[in-house]
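Subject: A structure to look through

Dear colleague,

Please find the structure below, and do keep it open while you read.

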Amino acid sequence: MRNYVLPDNAYVSRLSPAIRYRLILESECAAAPLRRYAASTVEKFTQEIYWRRYWKNWLSLRPQVWTAYLDKLAFIRNEIQYETCRNRAAACEAGEGSIAIMNHFARELVQTGYLHNHARMWFAGWWIHIERLPWQLGADFFFRHLLDGDPASNTLSWRWVAGLQTPGKTYLPRRSNLEKYLPAEVLQKYDKGLCLLENPHPLILPAENVAVITRLSLPLAPPVSEFKLGIWIHEEDLFIEESPLAALKPCAILASGDAATWTRFRYPNTKTDWLRSALTDTAKRAGSAFGIEAQFHIESNLINVLLKWAADHHLQQIAAMRPEIGPLHDQIENLQIMLKKSGIDLVLLDRAEDLAQRPLATGGFFGYWEKVQKTLTS
Ligand SMILES: Cc1cc2nc3c(=O)[nH]c(=O)nc-3n(C[C@H](O)[C@H](O)[C@H](O)COP(=O)(O)OP(=O)(O)OC[C@H]3O[C@@H](n4cnc5c(N)ncnc54)[C@H](O)[C@@H]3O)c2cc1C
């Protein structure tokens, strides 16, 4: 029933924001149903969970795909030739596009921060192949409003719908498919423009070079000194009790929100409130796990926050979880350089299961899934 888009979304878990920010880990989500069901019974659900990790790992091996997306987005935002596109995209975001059901999804996304997977597919397919708008603007709209907005799952899913991720394969929304998976009364209410989905033609984007794998191995983290060590908790990983950080003995803990990213990507209040409360919760948990009160900051200048905190506690090293490819990761090199200038090492750690799975996303999902299963514990 997972593909049915019902008003109460009864057949999906809605766990994605918690998994995206690592309040819970994929391994926990995979393990929980196995207490009640055979692995074969819940395999589809387990696979969905690992789709997310697959996308993350795929992107971490090809970070240039993320950078190219951001560059093109900036270009579209600034160039005069895209002005009409930008205006039409803004109308679609406001629920004033050509198809009433898509307008309904746009409003649902803005109001709730969530859309069912099938609705995401239909909406992205409509945006790209019917409205013929740049996929980057649609991906930005989703990334801004989705509580689970994820640099990998979002960017690569939009590329998949556009036919760039699996070359030659586009995703087209079809009226018959909406009629099958949406309740009749919903479609009756939002039937304007449905005829546009009767015989849709794909937009064929110019083929891209296959994204080359640029980074198969990560530099080994230097040993962590326990003398004057601080732990930095950031929003990309909120389960530090279940991470290599848990074994350390810090003299200070900082939990910080990356407010520069929130502003840059224009996160709405619903999303920043959610992040704020997830970070507050994490800071509290960290306080009790390490027996030290965690400082909590949400400021746009991350480097100033880190430098001041490090100076206040005379830190020599800061340990943090390695952020995956995305806006925070983009700032890491600069943060490391700036901290080093003040004599402070920023050491990034990885979970063993992430390290084991990261190099496996060289090809398609199902080959990855075969290999991942061998890395999972019972
Ligand atoms: C255009 C488009 C954009 C998307 N953007 C995002 C995004 O920014 N962030 C995001 O987390 N997911 C994204 N997805 C994937 C998927 O739609 C969501 O993960 C899912 O709808 C989340 O709802 P749920 O937790 O109820 O999922 P469930 O169906 O209950 O699935 C359980 C978990 O599996 C994972 N999952 C399920 N489907 C997918 C998928 N197709 N790809 C990756 N992981 C999946 C999620 O972690 C999810 O929480 C996108 C899909 C499309 C088509």
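Helix H6, which runs over residues 100-112, has 13 residues and reaches 18 Å from its first C-alpha to its last, close to the 18 Å expected at 1.5 Å a residue, where the expected span is 1.5 Å times one less than the number of residues. Helices here are DSSP runs of H or I with at least four residues, strands are runs of E with at least two, and both are numbered from the N terminus. Please bear in mind that this is a predicted model, in which local features need pLDDT of at least 70 and side-chain atom pairs count only at pLDDT 80 or more, while totals for chains, interfaces and linings use all residues. Residues are numbered from 1 along each chain as its sequence is written.

The buried residues of H6 are Ile101, Met102, Asn103, Phe105, Ala106 and Leu109; a residue is buried if 20 or more other C-beta atoms lie within 10 Å of its own, exposed if 12 or fewer, and partly exposed in between, with C-beta atoms placed from the backbone. An α-helix has 3.6 residues a turn, so residues three or four places apart point the same way. The cover over the buried residues of H6 includes helix H5 (83-93), H7, H8, helix H10 (175-181) and helix H11 (184-189). Just after H6, Gly113 takes a positive phi of about 75 degrees.

Most residues other than glycine have a negative phi. Asn9 lies in the segment before H1 and counts as partly exposed, because it has 17 C-beta neighbours inside 10 Å. Arg132, in the loop between H7 and H8, is exposed, because 10 other C-beta atoms lie within 10 Å.

Turning to the whole protein chain, there are 17 helices and five strands. The radius of gyration, taken over C-alpha atoms, is 22 Å, close to the 21 Å that the globule rule gives for 378 residues, so the chain is as compact as a globular protein of that length; the rule is 2.2 Å times the number of residues to the power 0.38. Of the 378 residues, 37% count as buried.

The domain assignment, which is automatic or from a database, gives domain 1 (16-197) and domain 2 (229-349). Their C-alpha centres lie 29 Å apart, and the contact takes 18 residues from domain 1 and 16 residues from domain 2, two residues being in contact if their C-beta atoms, placed from the backbone, lie within 7 Å. On the side of domain 1 that touches domain 2, H3, helix H8 (135-145) and H9 each supply at least two residues.

Which residues come nearest to the ligand? Of the 28 residues around the ligand, these are Val12, Ser13, Ser16, Asn154 and Ser157, where a residue is near if its C-beta atom, placed from the backbone, lies within 6 Å. Helix H1 (16-20), helix H3 (43-61), helix H7 (117-130) and helix H9 (151-161) each supply at least two residues of this shell.

Finally, Leu315 is found in the loop between helix H14 (302-312) and strand S4 (317-321), and is buried, because 26 other C-beta atoms lie within 10 Å. Leu315 and Phe227 are 88 residues apart in sequence and 8.3 Å apart in space, C-alpha to C-alpha.
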